[in-house]
Amino acid sequence: MLPLFKHALDSRLSGSPAYLQHLQSLFQADQQTGLIEIDVSSDRQIVLLYTQGQLAGAFRLFSAGGLALEPFELTRGWEKPEANIRLVNTPLTAVRLVRQAIEWLPQQDQRTLPGTELASYLHQLRQERRSGLLRLIGPEADGFLLLVDGQANLGESLFSTERGFENLPPFLRTALLGASLGVAAAVSPAMLEIHLHPLASGNLPYTLLQLRQAFSRWMEALLQGYRQQVGSAMLASLNQEINGLLELKNWHLTLREARFSDEHYFHQAGEMAFAYRWLLRLINECMSKILGVQQVERLFQDSFKTLTSDFQQALREQELNPLPRRSFERL
Amino acid sequence: MNQTATNLSNPVNPPEFWRRLSCWLAFISLLFYGTIYLLDSETYPWAETVIYAMIILAALLAAVLAARVWRLFQPDDPPRRVWSWFTLGLWFWAVAEVIWYILHQLYEELPDVNLVDIFWVGAYLSFALAVYEQYRQIHPQAVRRIRLAGLLLGVLTLLAVQFLNLRLRQSLQTQGWTLIGSYLAVLYPVSDLVIGLAAFNLVRMYGAGLWGRAWWGLIAFAVSDGITSWYYLGGNALLSEQADLYLSLFTDLLYYGAYLIFVLACVSRDQLMRHGQPGLSSRLRQEFLSARFPQSGAGAVGDRLTPPERPSGNSS
C-alpha cells in the first residue's frame, strides 16, 4: 500500500499493539491532527485519522478497498508482533480528504502516466464532466484533488510536498492550466500514479461535501449582497467579528472577504448543520444591526435563490434555509 | 480576538461614546436654536445672524463629514456611488445656504429666481440620484426595473410640476412671480414629496438598521421644505398669528434639525466604518460559546461513519 501524503514530514516507527495504543494516547493528549498508518501485513494497512486529538475514523485498507473498523478491532489480525507505524501531522482538510477517498473506494480508474500527459488526462475528465476525488502520486507531490463536473475544486484539494502542504503544487497548476486551454503543459515527464475515486452519492462524506459546497455558495452570495450595500470596510468588520467568535469556539470556519471556507472536520451532517445554523444566526444578528431585520431577511432569501435546486434541497434537508430572525433563536 | 475581549468587558466603546456625545450636542444645539428663534429680533438684532450662522455651520459640518465618510469607501465599493451623490447634494445645500446668506445681506429684496436656485436644483438632482443608486444596490437583480421606475417617476414629477404650474400660474403671476420662478416654486415641493417618499420607503426598509439613518434627514427636509413652500405660495394667510408662530418655529426647527440628522448620520457612519460594527450582545456570545453539538449518536467512531461496502473476496 502506498503511504498517504508520502512527501509530508513523518515519524516512522515500529511497535506492538500496546505501543500503538501509547502513540494514540499521545496523539489524543497533544490534540494532534493527522494520521497513523500501520502496516499489519504485506497487503493490509490500518489508517487512523485524528482531528485535534479525537479519533475521526479507523479503516483497514486492502489493495481493492477499505473497511471501517471499531476501535477494539485495531489490534486484531497483526501478522507479526510488531508492525511498521507511520505518524503524520496534517491539516484538518487532509483528514477529510483521506476519509472521502477511503469511503469512495474502490477507485474506478487507476493508471500511471508521464507528467507530460497529465494535462490531456485532466482535459479528458473535464470534457466527460467527471466528478470524483483524484489522488495523484508523483515525485514532487502527492495528494488529492476534487473534481466536480470535471472542474477542479481547489478548496477541497491538498498535496504534501517538500515545502509542506499545498492546495495547488506548481506541476498541477501548470497541468490544470493546460487542461483548461486544451493544450499540452510543460510538466516534468516523471511518472505519476493516478487513482480516481468517483463520488459515491448517499454516503456521509458525500453528504458533507454537498452541504459544504452548497453552504459556501450561499455564503458567497450573501456576503456579496452585503458588500454591495455597505462596502468592503463594513464587510471586513463583520468578518472580523464573526471570525473572532468562531476562533474562540475552535470551529475552523472562516469568512474572508465575500468567501466562506470550512476546514473543520465534522463527524456527521447534524454537527455540520448545527455549526452552520449558528453561523447564520451570528451573521443575521450582525447584519441586522446595520441593515435592519427586513433588509437582512431579504438578503438571505435573495442569496438563497441564487443556488441551484440541488443545493437548495441539500440545505433545506438540514434546516439551513432562510428563516425569519426569530427562528434562529430556536437553536 | 482582542476586540472581542474588549467588547465583552467594555460595553461603552469609543465609537459609541462619540455617537452619544454627538447626540447630546445636537440636542443642546437644537434647544439653543429654538430659544434664539423665539427672541424678539428688534430687541435682539444679533439673533437672526446667530440663526443663520447655526444653519450654515450645520450645513457645512454635514457636508464635510459626508465627504469624510465618502473617502472611507474603496473606489470600487458600490455604496460609494450612493454616498458620492449624497455628499454632492449636501455640498450643494451648504453652498446654497452660504450664498443665500450673502445675498440676503447685500440686497433688501431678492428676485424670485437667483443664483441660489442653481444649487438647490443641483441638490435635488443629486439626492434623487443618491436615492436611485441606493435602490439599485438594494435590488441588484432588478436594475432594469429600478431604472424604468426611476425614469417613470422623473417623468411623473415633471408632469405634476407642469400640471400644478398651469393651475397656479395665474395667481403666482399676480403675486409677481416670473415664469421660471413659478416653475421652481412648484418644482421644490413636488421634488420634496417624491424624494421624501422614496427616502421614507428606504427608512422603512432599513428599519432599526444603522445604515438607513442618513435618509431620515431627507424626510425631515421634505416636510420642512414642503411647509415652507406652502408658506411661499401664500399658505400663511390661512393661519392665525399664534398658529403661524408655532408652525414656523416647528418648520425652522425641523429644517435645522434635518442638518443635524445628517451630521449625526455621518458621525454614526464614520464611526462604523472606522471602528467596525457594534459587537454582538454578550448574551448571544455566551450562548454561542456554550453551545454543544447535538448528541445524536456522536461519540463512538463506529456510529459516526457510514461503513463502505465490504470489498468482495477480501474479508479479514
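Predicted model: local features only at pLDDT ≥ 70, side-chain atom pairs only at ≥ 80, totals over all residues.

Reader: Where do E133(B) and R81(B) lie?
Author: E133(B) is in helix 5 of chain B and R81(B) is in helix 4 (residues 78-106) of chain B, so the pair ties together parts that are 52 residues apart in sequence.

Reader: Why would such side chains pair at all?
Author: Side chains of opposite charge can pair when their charged atoms come close.

Reader: How many salt bridges are there over all chains?
Author: The count comes to 19. One of them joins D262(A) and R96(A), at 3.7 Å from N to O.

Reader: What does the pair of D262(A) and R96(A) tie together?
Author: D262(A) sits in strand 14 (residues 259-262) of chain A and R96(A) in helix 2 (residues 92-103) of chain A, so parts that are 166 residues apart in sequence are tied together. D262(A) is buried at 6% relative accessibility. R96(A) is buried too, at 8%.

Reader: Now the two chains. Which residue forms a salt bridge with E241(A)?
Author: R285(B) does, with the closest N and O atoms 2.5 Å apart. The pair crosses between chains, from helix 10 (residues 282-289) of chain B to helix 6 of chain A. R285(B) is buried, with a relative accessible area of 1%. E241(A) is buried as well, at 3%.

Reader: And networks of salt bridges? Which residues are linked in one?
Author: D10(A), R12(A), E37(A) and R86(A) are linked that way.

Reader: Change of topic. How many helices and strands has chain B?
Author: Chain B has 11 helices and zero strands. Of its 316 residues, 43% count as buried.

Reader: Which residues of chain B form a nonpolar patch on the surface?
Author: L152(B), L153(B), V155(B), L156(B) and L159(B) do, with about 480 Å² of accessible area together. V155(B) is found in helix 6 (residues 143-174) of chain B. V155(B) is partly exposed, at 47% relative accessible area.

Reader: Now inside. How many residues has the largest nonpolar core?
Author: That core has 119 residues. Those with the most contacts inside it are F215(A), M287(A), W93(B), W211(B) and W215(B). Helix 7 (residues 269-291) of chain A gives the largest share, 15 residues.

Reader: What does M287(A) touch, beyond residues up to four places away in sequence?
Author: The list includes L222(A), L223(A), Y226(A) and F300(A). A second, separate core has 24 residues, among them L4(A), V47(A), V98(A) and F144(A).

Reader: Back to helix 5 of chain A. How many of its residues are buried?
Author: In helix 5 of chain A, 19 of 27 residues are buried. At 1.5 Å a residue, this helix (residues 204-230) should span 39 Å, and its end C-alpha atoms are 38 Å apart, which agrees.

Reader: What follows helix 5 of chain A?
Author: G231(A) does, and its phi is positive, near 95°.

Reader: What about phi of F5(A)?
Author: F5(A) has a positive phi of about 50° although it is not a glycine. F5(A) lies in the segment before strand 1 (10-15) of chain A. F5(A) is buried, with a relative accessible area of 1%.

Reader: And where does N250(A) lie?
Author: N250(A) is in the loop between helix 6 (232-249) and strand 13 (253-256) of chain A. Its phi is also positive, near 65°. N250(A) is partly exposed, at 41% relative accessible area.

Terms used. Residues numbered from 1 in each chain as written. Chains lettered and ligands numbered in written order. Heavy atoms only, no water. Helix = DSSP H or I, 4+ residues; strand = E, 2+ residues; numbered from the N terminus. Expected span 1.5 Å × (residues − 1). Buried < 20%, exposed > 50% of the residue type's maximum accessible area, 1.4 Å probe, protein only. Patch = residues over 30% accessible without salt bridge, like charges linked within 9 Å, V, L, I, M, F, W, Y side chains within 5 Å. Areas by Shrake-Rupley, 256 points an atom, 1.4 Å probe, with all protein chains shown as cover. Salt bridge = Lys/Arg side-chain N within 4 Å of Asp/Glu carboxyl O. Core = buried A, V, L, I, M, F, W, Y, C linked by side-chain atoms within 4.5 Å. Contact = heavy atoms within 4.5 Å.
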